[in-house]
Amino acid sequence: MDVQDEMRQRLAARQQGFTLEQPFYTDPAYFDVDMKMVWYREWLFAGHDCEVPRPGAFFTLQVGDYPVIVVRDREGQIRAFHNSCRHRGSRVCSAARGTSARLVCPYHQWTYDLDGSLVFARQMGPDFDASAYGLKSVACESVGGYVFISLADTPADFGPTRDMIEPYLAPHNLADTKVAHETTIIEKGNWKLVWENNRECYHCAGNHPELCKTYPEAPGVTGVSGGADDPEIAAHWAHCEALGLPSAFRMADDGHSRITRMPLLRDAVSYTMSGRPAVSKPLTDAIAADHIGAMLLFHYPTNWNHILGDHAITFRVLPIGPQETAVTTKWLVNREAVEGVDYDLDELIHVWTETNDQDRQIVEENAFGIRSPAYEPGPYSSDHEGGVDQFVDWYCRIMALRLTEEDSPTLRVA
């Protein structure tokens, strides 16, 4: 039996409301199929517009086997390319970020313009056609200050995602902010465990003392039940929408995205130990009101977010291997905000630095236990883990569909 047939059978036999079987979290062959069926097909959060503020500014990322460059061209458009020279395949950009008038391969100096076209290749003979060897494009979309890419040959229509999230993001003007701080931690667990941990706050009271100063553990806040029947949430939405901030709960038809605005605890306005703002300049001058809570957005499989009045925290998930995942966190502030004047960096990042490390430990302990021969799928809490159930359902649904469509078997390597 090939791996894909095995996965189909396990998905068909899955017990609803229970965790997945062990191979989905540990098996290298299952991980390879995940990459092929999910990560090389979905729209992925790459970074922010503000990270490429001028023509020639670029950043790079690695998605499975694919190195990618994201760059702003001379006309101001954000583009993405496969980071593989058309000469002999060397990475053109090895730096994580930078600025360059042109993209030059360090191996033999093949030189590409910012639109990906090849403009210089030394001594390739009179019959060489440079126009046939531009960098290969990666589908790229910018919305509300977020850059998404798709590695698919024929990407899914990004329009529905844009239509859903752009009205919520637009008032925060994130394209005109700056990254005040960035961290990447490596969690020794499968990417699905990282998401499962993110999609519930059942674990928060016992693990996140800093976050619980301001963030509600109520399942209606983190989960996917909406919250309109909660008087506090309904009042919060009315307050924010009166300020011109779209706030009501929205979920994509296929379940890959959810966006809403939720209140913080008591009179808190930011994720600080005091609940007071971490940044004296609002994230944007267009929103000066207090108590707008946190705008929460997730987009499977790469991204979750908390956008506040004074700053935003964005998270990017990228799998490294079957039991290793990189989680990158960025703190965005007003472009004019000055460290040491308008904000204290330690205060700005303290809550999520601690929370991220606590989540890393949780995921790694979860992964340890799942590797046990004694592991078997367990039930989710119907009160607290609806979000986890929804994530696993999303994964199982698209995997079952794509495995059915796929007609080329993936065999195990002995």
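Is Glu 6 buried or exposed, and at what relative accessibility? Glu 6 counts as buried, because its relative accessibility is 17%, and the cut-off for buried is under 20%. The model described here is predicted.

**Helix α8**

- Helix α8 runs over residues 231-242 and has 12 residues. From first C-alpha to last, α8 reaches 16 Å, close to the 16 Å expected at 1.5 Å a residue.
- Four residues of α8 are buried: Ile 233, His 236, Trp 237 and Cys 240. Down the axis of α8, these buried residues fall within an arc of 100°, so they line one face of the helix.
- An α-helix has 3.6 residues a turn, so residues three or four places apart point the same way.
- Pro 231 and Ala 242 are exposed, on the other side of α8.
- The packing partners of the buried residues of α8 are α7 (219-222) and β13 (257-262).

**The ends of α8**

- Asp 230 caps the N-terminal end of α8. A side-chain oxygen of Asp 230 lies 2.8 Å from the backbone nitrogen of Glu 232.
- Gly 244 follows α8. The phi of Gly 244 is positive, near 90°.

**His 236**

- His 236 is part of helix α8. It counts as buried because its relative accessibility is 8%.
- Neighbours within four places in sequence aside, His 236 is in contact with Arg 261, Met 262, Pro 263, His 291, Ile 292 and Gly 293.

- Glu 6 is buried, whereas Arg 10 counts as partly exposed at 25% relative accessibility.

- Glu 51 and Arg 97 meet through their side chains in a salt bridge of 3.2 Å, N to O. Glu 51 lies in the loop between β1 (43-48) and β2 (57-63) and Arg 97 in strand β5 (residues 97-99), so the pair ties together parts 46 residues apart in sequence.
- Glu 51 is buried at 9% relative accessibility. Arg 97 is partly exposed at 39%.
- Glu 324 and Lys 188 also form a side-chain salt bridge, at 3.2 Å from N to O. Glu 324 lies in strand β17 (residues 324-334) and Lys 188 in the loop between β11 (177-187) and α5 (191-198), so this pair ties together parts 136 residues apart in sequence.
- Glu 324 is partly exposed, with a relative accessible area of 27%. Lys 188 is partly exposed at 47% relative accessibility.
- Salt bridges with shared partners join Glu 51, Arg 97, Glu 182 and Lys 330 into one network.

Terms used: Residues are numbered from 1 along each chain as its sequence is written. This is a predicted model: local features need pLDDT of at least 70, side-chain atom pairs count only at pLDDT 80 or more; totals for chains, interfaces and linings use all residues. Side-chain values use heavy atoms; hydrogens and water are left out. Helices (H or I, at least four residues) and strands (E, at least two) are DSSP runs, numbered from the N terminus. The expected span of a helix is 1.5 Å times one less than its number of residues. Buried means under 20% relative accessible area, exposed over 50%, partly exposed in between (1.4 Å probe, protein chains only). The arc is that of the directions from the helix axis to the C-beta atoms. Contact means heavy atoms within 4.5 Å. A polar contact is a pair of N or O atoms within 3.5 Å; within protein, one must be able to donate a hydrogen and the other to accept it, and residues adjacent in sequence count only if both atoms are side-chain atoms. A salt bridge is a side-chain nitrogen of Lys or Arg within 4 Å of a carboxyl oxygen of Asp or Glu.
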